[in-house]
Amino acid sequence: MATVSVYNTDGKEVEKLELSDKIFGVEINEGIVHKAVVAHLAAMRQGTQSALTRSEVRGGGRKPWRQKGTGHARQGSIRAPQWTGGGVVFAPKPRDYSIKINKKEARLALFSALTAKVQDEKLIVVDELKMDAPKTKNFAQVLSNLKADKALVVTEDADKNVVLSARNIPDVKTEARVAINAYDVLKYDSLVITKDAVKALEEVYA
């Protein structure tokens, strides 16, 4: 069972916290992590791209010239793909790019990502993270105190002041505990998580 330090917003250690091995000490499964990341990126694709095929482009109903005797190559329509303004060969159409991944696989991928952060000593637990008002400068100072530059900040509930304070800081993202996923955990160098969020994770997945 791993033990990590708990810090306050000034970056000072206030206590020690034991982490559950079921979440923060699993055997890392790189294959499942890769599958989860691919599924996440695929789900983010809009899939709204579209182009016109030769049957959908307006015009071109009349044969441009007779079949033989003109000296030109034979042509059937000015909307064929080789013509300027013609249709697109195998034109992309709206589609769903999502990839199915089981809940247990997604959960194992998340646990593997969290375990990797613990092993790399990139998991930073804070006793609480509250902002009296949206203030980017103050929040940036908190991250500086915690020595977390490119960081994913996870709170138990979506705190509006925290979200507004962090949204203009480059390479920083805030998420509620229920929304975290393996991709975001791995994308950012550090994971800053509140003590309440850690306890909630352990209660949910115990």
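**Pockets and loops in a predicted model**

Colleague: Which residues lie nearest the centre of the largest pocket, and how many line it?

Modeller: Ala106, Arg107, Leu110, Ile180 and Asn181 lie nearest the centre, and the lining has 20 residues. A pocket here is an open set of points on a 1 Å grid over the protein atoms alone, with protein on both sides within 12 Å along at least five of seven lines; lining residues have an atom within 4 Å of a point. This is a predicted model, in which local features need pLDDT of at least 70 and side-chain atom pairs need 80 or more, while totals for chains, interfaces and linings use all residues. Residues are numbered from 1 along each chain as its sequence is written, and side-chain values use heavy atoms, without hydrogens and water.

Colleague: How much space is in there?

Modeller: The largest pocket holds about 420 Å³.

Colleague: Which helices supply its lining?

Modeller: Helix 2, helix 3 and helix 6 (182-187) each supply at least two residues of that lining. Helices are DSSP runs of H or I with at least four residues, and strands are E runs of at least two, numbered from the N terminus.

Colleague: Moving on, what lines the second largest pocket?

Modeller: Its lining includes Asp127, Glu128, Leu129, Lys130 and Asp159. The space in this second largest pocket is about 170 Å³.

Colleague: Where is Asp159 in the chain, and is it buried or exposed?

Modeller: Asp159 sits in the loop between strand 4 (151-155) and helix 5 (160-166). Its relative accessibility is 19%, so Asp159 counts as buried (buried is under 20% relative accessible area, exposed over 50% and partly exposed in between, with a 1.4 Å probe and protein chains only).

Colleague: What does Asp159 touch?

Modeller: Leaving aside residues up to four places away in sequence, Asp159 touches Leu129 and Lys130, contact being heavy atoms within 4.5 Å. Asp159 and Leu129 are 30 residues apart in sequence, and their C-alpha atoms are 9.0 Å apart in space.

Colleague: New topic: what is the phi of Phe90?

Modeller: Phe90 has a positive phi of about 50°, although it is not a glycine. Phe90 lies in the loop between helix 2 and helix 3 and is exposed, with a relative accessible area of 80%.

Colleague: And what about the phi of Lys147?

Modeller: Lys147, a residue other than glycine, has a positive phi near 60°. Lys147 is placed in the loop between helix 4 (136-145) and strand 4, and at 72% relative accessibility it counts as exposed.

Terms used. 1 Å grid on protein atoms, 1.4 Å probe; cavity = no way out; pocket = protein on both sides within 12 Å on 5 of 7 lines; lining within 4 Å. Points joined across faces, edges and corners; volume = space filled by probe spheres on them.
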